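This report covers selected local features of one protein chain. Please look over the sequence and the structure before reading on.

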Amino acid sequence: MQQVCLLTVVSLFVTSAQCKTPGLQTRITDRALEYATEVALDILSKQVTGQQIPDQHGQSGDVKFDITGMNVKQFTKPSSRVSLIQNVGFSWSTSGTGLAIHGDFKYKYRKGIIKISDRGSFDLKANSINFQIKIEIGMDGTGRPTMKAVGCSCNVGSADIKFHGGAAWIYNLFSGQLENTLKDMVGGGNGLLCKQLNTLIDVNGMKSLQKLPVTVQIAKRFLLDYRFLSKPSFQTKFMETYHKGEVYWNAVPVDAPFAAPPLLKSSDTSRMMYIWLSDYVFNTMSYNALKYNQLQYNVTNKDLPSGVLNTTCPQSTCIGKIIKAIGTKFPNTTVMLYMKSTSMPNMTVQNGSTVVNASGDIVFFAQQPGGKYTYFLTLSATMSTTISLMIQNEKVFAKVLKLPISVTVKDSKIPVSPEGLNFIVKGIVSVFVEPKLNELGAAGFPLPVINSVHFTNTQLTVAKDTLLIATDLKYSG
């Protein structure tokens, strides 16, 4: 499957016109486009080399000729240049392309009573070929990017043909017309090269766009929305794009009741691509997780080691020994903790750190004979979790650095000592909560790229309300 990196890079992130603050913003620099055109030329070379050219038939004076079996034997890469066009897209121009074409010929020469016919082969070298094409970038009604080739032109500077076989003096009678015919077939707005370029952009390019994940399911319950807000914005050195960057409840995709904060401003263009990821993305996910009861969990002995939630044990590490009132009132059973968030976990990104603040209740039940549970305690817990972030395989990964948890008694049917609360925090909550958070962070948060484009030389900056990813790109299609 042949795809063009030029098209892929452009199709990674496309939108603009800030009718609302985006949750994700990107910048694609001219460096990215220059790299992309180099890759695109490699692919164009593979597509053109071996390309069959339709047979040609003509007459020049007293000579009728037929040209058959033509195909391109060699494509010489040109130098190229990309120029951004405001409110449109960009133009791509090249100079110095070369083509070598091999084919077969036969001719009939008739003048008076003289009749001569012969056949042979020929090699044509077309040099100093220049082409220019404009690529318009837009978006369709579903928020996906669109790409269209417009106004391709191609000029062949010179063509030199060499014949093999037949009478040399007859070649001079039709070689000039044949050279012009083949130049027209290669060049022009409807010639070989422009046809290939239009196919790469309008067909292969759109196939690449269809693979761009503008919506991504997370845990089968959430929908990460990277659709575009509007068309891209173009400057001299880069184009910028703006995405919704919101996480919905998959079954009921309704906007969150709060807006994305302004993103960090930057004028840097030293890397190929920049991605601004707002904490709004995480916060809309946590909003829906709370709203649809996803932030609650029953913790039992299967979640904790060594029978910690037993009410009776020979050792001194179970909950019935640490909080003796539990062991006395509910002997020879186990405790279940019902943990739930009471407010939306909120991510704050600023001053080089990322903090998630959360609060919730821990409700205690003792299991009774017959599978029934008896309530006896509710604790109120708050935590302010500091996490580290990293970029790998085009995903954002997180790991807990600090997990301070504060617990107070909200309601109790039994006496609870400070030692008991400390045990709950360190021996139960931290042992369960931190691994769960790290499990979520290790799953990674996907960025909207397609599989053939990879990040390299990547730098992550943590600023106010913003994760700024600066990266170069590598194409592996």
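Is Asn332 buried or exposed? Asn332 is exposed, because its relative accessible area is 66%, over the 50% that marks an exposed residue. The model is a predicted one.

## Two loop asparagines with positive phi

Asn332 lies in the loop between α7 (324-329) and β16 (335-341). Its phi is near 55°, a positive value in a residue other than glycine.

Asn87 is not a glycine either, and has a positive phi of about 65°. Asn87 sits in the loop between β5 (79-85) and β6. Asn87 is exposed, with a relative accessible area of 66%.

Strand β12 covers residues 238-243, and six of its six residues are buried, so the strand is largely enclosed by the rest of the structure. In a regular strand, side chains alternate between the two faces of the sheet. Both faces of β12 are covered. Phe238, Glu240 and Tyr242 are buried on one side, and Met239, Thr241 and His243 are buried on the other.

Strand β1 (residues 24-29) runs antiparallel to β12 and is joined to it by six bridges. Within this pairing, Leu24 stands opposite His243. Strand β11 (residues 233-234) also pairs with β12 in the antiparallel sense, over two bridges. Phe234 has Met239 of β12 as its bridge partner. With three residues between them, β11 and β12 form a hairpin.

## Salt bridges

The whole structure contains 10 salt bridges. One of them joins the side chains of Asp472 and Arg31, with an N to O distance of 3.3 Å. This pair links distant parts of the chain: Asp472 belongs to strand β24 (residues 466-475) and Arg31 to helix α2 (residues 30-48), 441 residues apart. Asp472 is buried, with a relative accessible area of 10%, whereas Arg31 is partly exposed at 33%.

Another salt bridge is formed by Lys410 and Asp361, whose side chains meet at 2.9 Å, N to O. Here too the pair links distant parts of the chain, with Lys410 in strand β21 (residues 405-412) and Asp361 in strand β18 (residues 353-367), 49 residues apart. Lys410 counts as exposed at 53% relative accessibility, while Asp361 is buried, with a relative accessible area of 8%.

Lys302 forms a salt bridge with Asp303, and the closest N and O atoms are 3.5 Å apart. Lys302 is exposed, with a relative accessible area of 66%. Glu38, Asp42 and Lys77 are linked in a network of salt bridges.

## A positive patch on the surface

Which residues gather in the patch of positive charge on the surface? They are Lys64, Lys106, Lys108, Arg110, Lys115 and Arg119. The elements that give two or more residues to the patch are β6 (89-111) and β7 (114-139). Strand β6 supplies the largest share, three residues.

Lys115 is found in strand β7. Lys115 is exposed, with a relative accessible area of 59%. Residues in such a patch have over 30% relative accessible area and no salt bridge, so Lys115 at 59% is above the area cut-off.

Definitions and conventions: Residues are numbered from 1 along each chain as its sequence is written. This is a predicted model: local features need pLDDT of at least 70, side-chain atom pairs count only at pLDDT 80 or more; totals for chains, interfaces and linings use all residues. Side-chain values use heavy atoms; hydrogens and water are left out. Patches are made of residues with over 30% relative accessible area and no salt bridge: like charges are joined within 9 Å, nonpolar side chains (Val, Leu, Ile, Met, Phe, Trp, Tyr) within 5 Å. Accessible areas come from the Shrake-Rupley method with a 1.4 Å probe; for residues, only the protein chains shown count as cover. A salt bridge is a side-chain nitrogen of Lys or Arg within 4 Å of a carboxyl oxygen of Asp or Glu. Lys and Arg count as positive and Asp and Glu as negative; His and the chain ends are not counted. The place of a charge is taken as NZ of Lys, CZ of Arg, CG of Asp or CD of Glu. Helices (H or I, at least four residues) and strands (E, at least two) are DSSP runs, numbered from the N terminus. Buried means under 20% relative accessible area, exposed over 50%, partly exposed in between (1.4 Å probe, protein chains only). Two strands pair if DSSP finds at least two bridges between them.
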